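User: I am new to this structure and would like to learn how to read its features. Could you guide me through them in turn?

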Amino acid sequence: MTAPAYQQMIFINLPVNDLDASKKFFTELGYSINPQFSDANAASVVISDTIVAMLLTKPFYATFTKKEIADATKTSEVLVALSSESREKVDELVDRALALGATTSGQTQDMGFMYGRSFDDLDGHTWEIVWMDPSAVES
């Protein structure tokens, strides 16, 4: 029997203006906060077993870079794209985000085999939620 393959993770580090508001936003979207890696400066938002969004206060975020921190409401610094299990789940998540204070970002993309919508979170970070028909990927 061979050892399981290493499963690489991604940690998305995002500067936020109001850590408590951002934590509330993401938990109300259905994600959980890992308290082991959260404190007054950071919140570890568990998106999946291999995806974690680290929400960092701007002063704390600044300790990791010498670059100016982008104002994501005015400048695009990243597009975070997440897969979804169905078209309905895309709509469900984006509609919930919008109800929680997010804003619509871009147009709905409906190509039949692929469907996506996007929103900007409370700090302007863009999240794209995309479903792709598995049979389209297999062919």
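User: Which element gives the most to the lining of the largest pocket?

Analyst: A general idea comes first: rolling a probe the size of a water molecule over the atoms shows where empty space is left. In this predicted model, α3 gives the most to the lining of the largest pocket, contributing four residues. The volume of this pocket is about 270 Å³. Its lining has 14 residues, and those closest to the centre are Y31, S83, S84, E85 and L93. Two elements give two or more residues to this lining, namely β5 (79–83) and α3 (87–99).

User: How do the residues of the lining of the largest pocket divide into nonpolar, polar and charged?

Analyst: The lining of the largest pocket has seven nonpolar, three polar and four charged residues.

User: How many cavities of 30 Å³ or more does the structure hold, and which residues line the largest cavity?

Analyst: The structure holds one cavity of 30 Å³ or more, and the volume of the largest cavity is about 30 Å³. Its lining consists of F26, L29, Y31, L82, L93, F119, W127 and I129. By class, these residues are eight nonpolar, with no polar and no charged ones. Y31 and L93 line this cavity, and both are also named among the residues closest to the centre of the largest pocket.

User: Next, the strands. Why is strand β4 described as largely enclosed by the rest of the structure?

Analyst: The general idea is that in a regular strand the side chains alternate between the two faces of the sheet. In this case, strand β4 (residues 51–57) has six of its seven residues buried, so β4 is largely enclosed by the rest of the structure. For the chain as a whole, 34% of the 139 residues count as buried.

User: Which strands pair with β4, and in what sense do they run?

Analyst: Strand β1 (residues 10–16) runs parallel to β4 and is joined to it by seven bridges. Strand β3 (residues 42–46) pairs with β4 in the antiparallel sense, over five bridges.

User: How many aromatic pairs does the structure hold, and what is the geometry of the pair of F60 and F64?

Analyst: There are four aromatic pairs in the structure. One of them is F60 with F64, an edge-to-face pair with 5.1 Å centre to centre and 85° between the planes.

User: Finally, how many helices and strands does the protein chain have, and what pattern does it follow along the sequence?

Analyst: The chain has four helices and nine strands. Read along the sequence, their pattern is β-α-β-β-β-α-β-α-β-β-β-β-α. The C-alpha trace spans about 50 × 45 × 30 Å along its principal axes.

Notes: Residues are numbered from 1 along each chain as its sequence is written. This is a predicted model: local features need pLDDT of at least 70, side-chain atom pairs count only at pLDDT 80 or more; totals for chains, interfaces and linings use all residues. Side-chain values use heavy atoms; hydrogens and water are left out. On a 1 Å grid over the protein atoms alone, a cavity is a set of points where a 1.4 Å probe fits but cannot get out, and a pocket is an open set with protein on both sides within 12 Å along at least five of seven lines; lining residues have an atom within 4 Å of a point. Grid points are joined across faces, edges and corners, and a volume is the space filled by probe spheres set on the points. Ala, Val, Leu, Ile, Met, Phe, Trp, Tyr, Cys and Pro count as nonpolar, Asp, Glu, Lys and Arg as charged, and the others, Gly among them, as polar. Buried means under 20% relative accessible area, exposed over 50%, partly exposed in between (1.4 Å probe, protein chains only). Two strands pair if DSSP finds at least two bridges between them. Rings of Phe, Tyr and Trp (its six-membered ring) pair if their centres lie within 6.5 Å; planes under 30 degrees apart count as stacked, over 60 as edge-to-face and the rest as tilted.
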